[in-house]
Amino acid sequence: MDILYFHQYFSTPEGATGLRSYQMAQALIRKGHKVTMVCGGSMQTGLSGPFKMGKRCGTVDGIEVIELNLPYSNYHGFLKRSITFFRFAFRSIKIALTRKYDLIFATSTPLTAGLPGIAASFLRRKPFVFEVRDLWPELPREMGVVTNPLVLKAMDVLEWLSYHSARKCIGLSPGIVEGIKRRGIPAEKIAMIPNGCDLDIFAPKAGEALRPQGVGENEFLAIFSGAHGIANGLDAVLDAAGELKKRQRFDIKLLFVGDGKLKPALKHRAETEGLNNCMFLDPVPKMALASYQRGADVGLMILANVPAFYYGTSPNKFFDYIATGLPVLNNYPGWLADMIRQYRCGLAVPPSDPEAFAEGLEYMADHRSELIEMGKHARHLAEQEFDRRILAEKFVAWLEGSII
């Protein structure tokens, strides 16, 4: 089977972002399928050299990659990001309407990723599978990022068209699956395949354990890895850092690894308030991130207190944490908090409560033997429920069944 795969943010393990599309493509190739990945020009795609006619092409680890020269940054404003999304979608439509392939697969975000699939489905009768990573327009509406009723209506229509044009859908969390069902898609056409754990990359004892300069061997280190944007709600961590400072818990350090539009403001706030317990690092490749996580004592699963997040997200960082055998401190309700309690692999604290957040960190720092057990439970959860290789086999089977 020849699969045309669209993911605007595709990255190899050399990059600092999620590896889902890379790993799923590898699973397809192992089963004898051909994969052509169409992506934007803002991640580590494995290609180098100049762009010609706005793109560059090559083969990366068996994947045929078409990288469009469309740089993107979380620092861009809403309008500039939207223009980049639509430019990628319209150039992708041209590829979807001219290349030879058996099945088209597109993964969001952004929601515009579904446009080439819609076009191929209607104009070429090609089987289309759509993967939903976030619910739109629910999330931007609840976050207040998009308020224009015409824009929200356009998103609503595009979401409906994407789901109904697809032969099958994939949702990454229970809430996403329910959201797809609410748009009239039968349950038998939807598979829940969450983000998974790269058990080899993040194996607890597979490599060195790194700690940033200034963190003592016996000090307690909590790590957050990922985007520093509005959705991440990282001011909650700084609120907790301030509470720890009041309590004179100078032995508890907080490490932020990543980048995003709000990172400069977060760093400025930490400096202004004298939060010396907070440290910031630039994004690092996955192998280096695994080393920093091995050197940490707990992983921070943080999101803004938005109800649509509770069951409607499947954050990469959570799965990286538990793959490393890191206990997780979670600050919002939902399916991940439920799982943390069920498997006893961390603590879940109420949202918007810096005192409870600080108390959670203090409890973990003061109960190291219990923390070790939490870490073992975390790794067990990763192996039992979220092994990427097993999830990839389910993914491959779901796509293979889409052309019957």
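Reader: Where is Thr-109 found?

Author: This is a predicted model. Most peptide bonds are trans. Thr-109 itself sits in the loop between strand 5 (103–107) and helix 3 (115–124).

Reader: What is omega for the peptide bond from Trp-136 to Pro-137?

Author: Pro-137 belongs to the loop between strand 6 (128–132) and helix 4 (138–143). The bond from Trp-136 is cis. Its omega is near 10°.

Reader: Is Arg-125 buried or exposed?

Author: Arg-125 lies in the loop between helix 3 and strand 6. Its phi is positive, about 55°, although Arg-125 is not a glycine. Exposed requires over 50% relative accessible area. Arg-125 has 65%, so it counts as exposed.

Reader: What is phi of Arg-344?

Author: Look in the loop between helix 12 (335–343) and strand 14 (346–348) for Arg-344. Its relative accessible area is 54%, so Arg-344 is exposed. Most residues other than glycine have a negative phi. Arg-344 has a positive phi, near 50°.

Reader: Which residues make the nonpolar surface patch of about 370 Å²?

Author: Patch members need over 30% relative accessible area. Ile-230, with 53%, is exposed and therefore clears that cut-off. Ile-230 is placed in the loop between strand 9 (220–225) and helix 7 (235–246). The patch is made by Phe-78, Val-145, Val-151, Ile-230 and Leu-262.

Key:
Residues are numbered from 1 along each chain as its sequence is written. This is a predicted model: local features need pLDDT of at least 70, side-chain atom pairs count only at pLDDT 80 or more; totals for chains, interfaces and linings use all residues. Side-chain values use heavy atoms; hydrogens and water are left out. Patches are made of residues with over 30% relative accessible area and no salt bridge: like charges are joined within 9 Å, nonpolar side chains (Val, Leu, Ile, Met, Phe, Trp, Tyr) within 5 Å. Accessible areas come from the Shrake-Rupley method with a 1.4 Å probe; for residues, only the protein chains shown count as cover. A salt bridge is a side-chain nitrogen of Lys or Arg within 4 Å of a carboxyl oxygen of Asp or Glu. Helices (H or I, at least four residues) and strands (E, at least two) are DSSP runs, numbered from the N terminus. Buried means under 20% relative accessible area, exposed over 50%, partly exposed in between (1.4 Å probe, protein chains only).
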